[in-house]
Amino acid sequence: MDRIREIFNEQIRNPLTTAIVGFVVGLVIGLPILGWGLWPVQWRDAEPSYLREDLKQDYICMVIDSYARNGNVSQAATRFELLGEDGRTLLDDFRPGTCNLNENDINTFRAAVLGPVIPQPGTTVTPGAEPAKGKSRVGLVVALCLVTLLVGAAAVYLLVIRRRGGKIESPASVEEEHGFTSERLDFVTEGQEPPIAQFMTTYMLGDDLYDDSFSIDSPSGEFLGECGVGISETIGVGDPKKVTAVEVWLFDKNDIQTVTKVLMSPHAFNDATIRQRLESKGEPVELEAEKRILLETATLMLEARVVDISLGGGALPQNSFMERLTLELAVWPKHS
């Protein structure tokens, strides 16, 4: 049960999983609950083309009978066009005696709606054209479909492509904007085995939704787990949030639990109340430049290196929150 709970918790961190779950939940709420239960669709003033076949027969009977009585060509043509593509077939199959209509009434109506139509003054009739009402409904449906596609594309970009594909590149753009640089560590020159995965992630003051996650794959493409960094604790009030601690986590598909360590500002680390509160999330570690933090699971080992850090204070205690933090995450398989 604990294993299932851990896997579930880690999958919730995955933006793609969140997007899929949100889409499914939206369908459930929108279709069965809202669409069919609370506010079901009610058809009113539907066009005759949507009627059953027997009701279409009744409709064309009434149209022919009305024309036989008032002789209004324009009105007859307009009503006939509301049957759409089935109108011509229904009229061709219409036989004298149906609805007490004689052959003369039927032929006169056929000549009026299928032959040259002479509109009454002030009216315009174009046989074969769709009713304006039908066009407006089709246009509305197309517009709603386009809006839905655009919203879906935007959601996929924000939740999947930008958050997952663009994460490795985001620190570089942040560094260029704020005038500082950092490079990935070359572990080979230090005499170490090169990691199977290496990521850079940067938090900047004002990024209140900061939560980076990365997939860990073997050289052959096999999924091994995930790792990431997210906001753990803030201090003070007002916007933007003042982040005083972040948590680095490592998920191993072959382990029963996720390993987490909480990286804390010097003020938070030395504050007994804050530190005690955060110990429940993971082992507390004080943030220092170039500090390396090791996380180990059953088959994976992650080293988080503090590449760059800038602390703030002002109205809050000195070194109590992060203005900027860049971490490098390097992952190796654990050799038995």
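Which residue forms a salt bridge with E283, and how far apart are the closest N and O atoms? The legends below answer this and present further close-up views.

This is a predicted model, in which local features need pLDDT of at least 70 and side-chain atom pairs count only at pLDDT 80 or more, while totals for chains, interfaces and linings use all residues. Residues are numbered from 1 along each chain as its sequence is written, and side-chain values use heavy atoms, with hydrogens and water left out.

**View 1. The salt bridge of E283 and K261.** The partner of E283 is K261, with 3.5 Å between the closest N and O atoms. A salt bridge is defined as a side-chain nitrogen of Lys or Arg within 4 Å of a carboxyl oxygen of Asp or Glu. The pair links distant parts of the chain, 22 residues apart: E283 belongs to strand β6 (residues 283-286) and K261 to strand β5 (residues 259-264). Helices (H or I, at least four residues) and strands (E, at least two) are DSSP runs, numbered from the N terminus. E283 is partly exposed at 45% relative accessible area, whereas K261 is buried at 14%. Here buried means under 20% relative accessible area, exposed over 50%, and partly exposed in between (1.4 Å probe, protein chains only).

**View 2. The salt bridge of E290 and R305.** These two side chains meet at 3.2 Å, N to O. E290 lies in the loop between β6 and β7 (292-296) and R305 in strand β8 (residues 300-312), so the pair ties together parts 15 residues apart in sequence. E290 is partly exposed, with 45% relative accessibility; R305, at 6%, is buried. A network of salt bridges links E290, R305 and E328.

**View 3. The salt bridge of K334 and E296.** The closest N and O atoms of this pair are 3.1 Å apart. K334 is in the segment after β9 (321-333) and E296 in strand β7, so parts 38 residues apart in sequence are tied together. Both residues are partly exposed, K334 at 37% relative accessibility and E296 at 38%. A search of the whole structure finds 12 salt bridges.

**View 4. Confidence along the protein.** The mean pLDDT, the predictor's confidence in each residue from 0 to 100, is 78 for the protein, and 74% of its residues reach 70 or more. Among the elements, β5 has the highest mean pLDDT (95) and helix α8 (residues 170-178) the lowest (48). Where pLDDT is low, the predicted coordinates should not be read in detail.
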